[in-house]
Amino acid sequence: MSQTVTPSRTIPLPVQAGPAPALAASSRGSVWPLLGLVFLAAALALPLTSRDSAAFGTLSTTFVSIVLEAMPFIALGAILGGIIEVYVSRERVAALLPKRRVPAIFAAGLLGLLIPVCECAIIPVTRRLLGKGVPFSAAVAYLLAGPIVNPLVAASTAVAYAGDWLVVALRLGVGYAVAVCVAMVIDRLFPGTAALLDGRAPAGGHECCGAGSCSHDQAHQEPRPSRERLMRALDHAVDDFLYVGQFLVVGAFFAAVAQTLIERQALVELAEIPALAIGLMMGLAVLLNLCSEADAFVAASFRGVLPLAAQLGFLVLGPMLDLKLAAMYLGFVTKRAFGTMVLLMIVLVFAAMMAIQLTLGGTLP
Amino acid sequence: MSPTVANILRAAVLVAWVVALAWLLQSGAYKAYLPKLWPLIAMGLACTAILVVGLFGRALRSGAAGEGVVRTVRLGLMMLPLVYIVAAPAQGLDSHAFERRRVGDQLAPATPPKQAEAPAPVAAATGASGEPRVLTLMDVQQMAREIAGTRIVTEGMVYHDAKLPPGHLVLFRFSVTCCAADAVPVGALVKCDEPARYKQDDWVRVTGELQVTKLEGQEGALLVAEKVDPIAAPTDEYLSPFDAPASEF
C-alpha cells in the first residue's frame, strides 16, 4: 500500500518534455559539439606528433590510469541507475528520505557512510535519483559529502597520516559541514528543478524509447515481462555510461595535462604564506583529479613542507570538485547553478582552512 | 544518423572497451596504470560486458535518431583512452614524472653532502651470512635513521640532476596507492664511481652502506655504493604504501 508523500516544501514534479530528442534540443545552435570535435582532434593528434617525448609518456600513463580507475565505477553506477530507473518508484525513493527538506539534506550528507562509493559512481546514480523526485539540494549534499564521509576514505586517510585521527576527523567533519552548507544555500537559490538543465530531471541523452524523455514512471508501472524490464534497465545504463563517460574522459585528459606540466616543488616554493599555500593546494586538488581513497597519500607527501590547513584544503575540496567532476556536473546542471556551487565550495573550504590555520597553526608533523 | 547506425557504433565502442579491458588483464599491462587493482579492471570488464548484453538486447532499429556530430563526438571521446593505450604501450612513469612530482630538496643538494658524524647504533646490520639487507626504496626512506650504517641492497631507476655534486646520482621509484595518477616518488641519494655510466631511467641494483645525511636542512638517505649493477625493469615497477617490507628481489 503506497503512502502519499507531502514534503513541507512542495516541489513540482520534473516536467516531461515533448517528443523531440534531448540531444538534438540541447545541441541545436550550441558550440559544444564543435568544441568537442576540436578537442578530439587535438587529443588524437598528440600520439601522432609527440609519441616519443617523455612528457607524452607521463601524459598518456596518467590519462589512461585516471580513466581506467574511474570507468568501472561509472559502469557500475550506470547499471545501478538503470535499475533504479526501472524498478524503483518515486514513492519508494521519497519514503527513504526525511519528508522535510533540511533534515533530508543532513541525512543525504551521511549516505556515504552506508554506501561508500567513489564520486564517479555517485554521479550516474544521483542523476537517476533526481529523476525520481529526490530534491536537488539533497542530491547536492550526497554528491559533495558522499566521496568524503565514508569509511574507506577515513581508513585511507588514517593510514596515510600514520594514525593521526585528528586529520581524519577534520577531513570528514569539514567535508560534511561544507556539503550541507552548500546544499542549504542551493536549496534557497534554486528551488525545485531550477538548477537542472532544461528545468527537468536528467534524461541524459536518453534514447531507449526514441524520445527525449519518456514517461517512465507511467510506462514502468504497467506490468511488463521481467526480461523486458531488465532490458530497459540496461538500456538506461548504456545511455548513462556513454553520457557520463564522455565527461570523465575530457576531465581526465585535462587533469593529465596538468600533472604533466605542473611541478609540485614549484608550488611549495610559492606557498610561503599560509593563505597562499591553502589556495594553491586547493587548486592542485582540482587539477590532479585523484580519487578520494588515494589523495591522502599525495597530501601526506607535503607533510613538514606545507601547513596542515593546506593539506586539508587539498583533501576536502578534491573529492567535491575536480576537472572530471566539473565536466560531469555540467552534464546535468545549469551553468549558473554550477558556478554557484563552485563559488560556495571554494569560499567555504578556504574559510574553514583559514580557521584551522589560525587555531591549530604551524606545520604539524 | 539513423538509429541503426547509432546502435552499431555504440555497440562497437562498448565491445572495444570489453576487448581492451580483457587484454589489459590477460597481458598484465594494467600494472602500468593500476598496479594492484586488477579486481577493479575485472569489475569494469564485467560491467561493460553487461552493458554490451543490454545493447544487443535492443533491436537495432529502435532508439532515437539524433545529430550525427553529437553522437560522433561522444563515441570518439569514449574511444580516446583506448587509442592512447594502443599508441603508448603500457610503461611505468619515469624521470619526467619524477621531476614533476618530487617535493623537498633533500635529493638535490646544492652543496656536497655531509657524512653523518656518528652512525646510529646498528640493528640487524646484515644477515647471518654477512649478506646485505634487502630493502625497497620506500623502506630506505622510512627506516634510514634507525638502520644507518647497515649494508643494504636496493633497486630503482637512475636520475641525474645537474645540481648534484660530482659522483652522485639519485635512485628513485614511485609509490602508488590506486593508480599512476597518485604516484609519489621515493628515493635516495647514491654516491658511486662513474655515475655517468648509467643512463637516465636505467634500472639498477645498488649495494652499499646506508647513511643519513643532512642536505639543505633536511635529512635524507645516502647510499654509499660498493657496486651498481644494471638490471631489467621489474614486473611490478611501482611500490605500495601497503607493501610488507621486502625480503628478496
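**Questions on a predicted two-chain model**

Modeller: Chain A of this predicted model has an average pLDDT of 80, and 83% of its residues score at least 70. Here pLDDT is the predictor's confidence in each residue, from 0 to 100. Residues are numbered from 1 along each chain as its sequence is written, and chains are lettered from A and ligands numbered from 1 in the order in which they are written. Local features need pLDDT of at least 70 and side-chain atom pairs pLDDT 80 or more, while totals for chains, interfaces and linings use all residues, and side-chain values use heavy atoms, with hydrogens and water left out.

Biologist: Which element of chain A has the highest mean pLDDT?

Modeller: Helices (H or I, at least four residues) and strands (E, at least two) are DSSP runs, numbered from the N terminus. Chain A has 18 helices and 0 strands. Helix α1 (residues 22–27) of chain A has the lowest mean, 38, and the highest, 96, belongs to α10(A).

Biologist: For residues 204–222 of chain A, how many contacts beyond four places in sequence does the model have?

Modeller: A contact means heavy atoms within 4.5 Å. Where pLDDT is low, the predicted coordinates should not be read in detail. Residues 204–222 of chain A also stay under 50, and their number of contacts beyond four places in sequence is 60.

Biologist: Which element of chain B has the highest mean pLDDT?

Modeller: Chain B has a mean pLDDT of 82, with 82% of its residues at 70 or more. Over residues 106–128 of chain B the pLDDT is below 50, and this stretch has 53 contacts beyond near neighbours in sequence. Among the elements of chain B, the lowest mean, 87, is that of helix α5 (residues 137–143), and the highest, 95, is that of strand β2 (residues 151–159).

Biologist: What ipTM does the predictor give the complex?

Modeller: The predictor gives two values for the complex. The pTM is 0.80, and the ipTM is 0.87.

Biologist: At what angle do the axes of α9(A) and α10(A) cross?

Modeller: Two packed helices are described by the angle between their axes and the distance between the axes. Axes are lines fitted to C-alpha atoms, for helices over the stretch in contact, and angles run from 0 to 180 degrees between N-to-C directions. The axes of helix α9 (residues 151–160) and helix α10 (residues 165–189) of chain A come within 8 Å and cross at roughly 145°.

Biologist: How many residues of the contact of α9(A) with α10(A) are nonpolar?

Modeller: From α9(A) come Val153(A), Ala154(A), Thr157(A) and Ala158(A), and from α10(A) come Trp165(A), Val167(A), Val168(A), Arg171(A) and Leu172(A). Ala, Val, Leu, Ile, Met, Phe, Trp, Tyr, Cys and Pro count as nonpolar, Asp, Glu, Lys and Arg as charged, and the others, Gly among them, as polar. The contact has 1 charged residue, 1 polar residue and a nonpolar count of 7.

Biologist: Is Arg171(A) buried or exposed?

Modeller: Arg171(A) lies in helix α10 of chain A, and its side chain reaches the backbone oxygen of Leu315(A) at 3.0 Å. Beyond four places in sequence, its contacts include Asp295(A), Ser292(A) and Pro319(A). Buried means under 20% relative accessible area, exposed over 50%, partly exposed in between (1.4 Å probe, protein chains only). Because its relative accessibility is 0%, Arg171(A) counts as buried.

Biologist: Which residues of chain B does Thr260(A) touch?

Modeller: Thr260(A) is in helix α12 (residues 226–261) of chain A and is buried, with a relative accessible area of 5%. A polar atom of its side chain lies 3.4 Å from the backbone nitrogen of Leu59(A). Not counting residues up to four places away in sequence, Thr260(A) touches Ala55(A), Thr58(A) and Leu59(A), and in chain B His96(B) and Arg100(B).

Biologist: Is Glu194(B) buried or exposed?

Modeller: Glu194(B) is in the loop between β4 (184–191) and β5 (203–215) of chain B. Its phi is near 50°, a positive value in a residue other than glycine. Because its relative accessibility is 54%, Glu194(B) counts as exposed.

Technical notes. A polar contact is a pair of N or O atoms within 3.5 Å; within protein, one must be able to donate a hydrogen and the other to accept it, and residues adjacent in sequence count only if both atoms are side-chain atoms.
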